[in-house]
Amino acid sequence: MPFLTDPVLLPGALARTPQPTLPTGDGLLLRPWRAEDAPAVHAAFQDPLMHQWHLRSTDSVEEVAGWIEGWRGEWQGEQQAQWAVVDADTDALLGRVALRQILLTDGTAEIAYWTVAQARGRGVAVRSATALSRWAFEEIGFHRLELLHALANEASCRVAVKAGFVHEGTKRSACLHPDGWHDMHLHARVRGD
């Protein structure tokens with residue numbers, strides 16, 4: 001039985017080219033992960049705030065090296081795409097931004113981010129999410145990007161709003177964190193916003 005609509009994006013929309021490096025235009029660079037980023041990622045995940053809002057922890061640089069190897073391979077699978085967010089001048093790791101839950105046929109994905117402790121309060125997450133959204137809409141052709149954060153994570157809510165993601169509602173008891181189930185705010189941008 002044929003579908004009544006065409007796919008928004010076809011397979012290969014991402015994987016047909018190498019993962020790009022995306023400048024934000026204001027001092028940050030979104031670039032593919034490198035093996036040598038492992039010590040900085042390991043250090044970032046020692047921060048208690050990362051344990052509060054993220055579902056992973058790490059015991060070693062070697063473990064993080066495995067994560068990075070996986071992140072680098074995700075581009076070809078077109079279900080997730082992860083970038084290191086670095087200072088454009090020094091290449092110092094400031095955070096991560098990603099497209100997750102990619103559904104090419106529907107032209108949708110979820111945007112996610114984190115920043116290292118010393119980069120917080122400097123607009124790194126907002127600038128990264130904005131640059132990645134612009135690329136996803138304008139260069140690739142996504143139709144809708146969603147952003148979820150724990151209702152109690154007020155800093156992430158501020159990032160979502162500043163990056164142009166409209167609050168659409170609350171998903172009740174939607175994500176299990178180490179301290180229990182959390183309600184999640186759902187924000188979204190659609191192409192043309």
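## Lining of the largest pocket

The lining of the largest pocket is made up of 23 nonpolar, 11 polar and 11 charged residues. Here Ala, Val, Leu, Ile, Met, Phe, Trp, Tyr, Cys and Pro count as nonpolar, Asp, Glu, Lys and Arg as charged, and the others, Gly among them, as polar. The model is predicted: local features need pLDDT of at least 70 and side-chain atom pairs pLDDT 80 or more, while totals for chains, interfaces and linings use all residues. Residues are numbered from 1 along each chain as its sequence is written, and side-chain values use heavy atoms, without hydrogens and water.

Of the 45 lining residues, Trp 53, His 54, Tyr 113, Trp 114 and Ser 156 lie nearest the centre of the pocket. The space in this pocket is about 1200 Å³. A pocket is an open set of points on a 1 Å grid over the protein atoms alone where a 1.4 Å probe fits, with protein on both sides within 12 Å along at least five of seven lines; lining residues have an atom within 4 Å of a point. Volume is the space filled by probe spheres set on the points, which are joined across faces, edges and corners.

## Aromatic pairs

There are eight aromatic pairs in the structure. Rings of Phe, Tyr and Trp (its six-membered ring) pair if their centres lie within 6.5 Å; planes under 30 degrees apart count as stacked, over 60 as edge-to-face and the rest as tilted. Phe 45 and Trp 114 are edge-to-face because their planes stand at 85°, with ring centres 5.4 Å apart. Phe 45 lies in the loop between helix H1 (38-44) and helix H2 (48-53), and Trp 114 in strand E5 (residues 108-115), 69 residues apart. Helices (H or I, at least four residues) and strands (E, at least two) are DSSP runs, numbered from the N terminus.

Phe 45 is buried at 3% relative accessible area, and Trp 114 is buried at 4%. Buried means under 20% relative accessible area, exposed over 50%, partly exposed in between (1.4 Å probe, protein chains only). Trp 67 and Trp 71 form a tilted pair, 6.1 Å centre to centre with 45° between the planes. One aromatic cluster takes in Trp 33, Phe 45, Trp 67, Trp 71 and Trp 114.

## Strand pairing

E7 and E8 run antiparallel and are joined by eight bridges; two strands pair if DSSP finds at least two bridges between them. A hairpin of two residues connects E7 to E8. Leu 176 stands opposite Trp 181 in E8.
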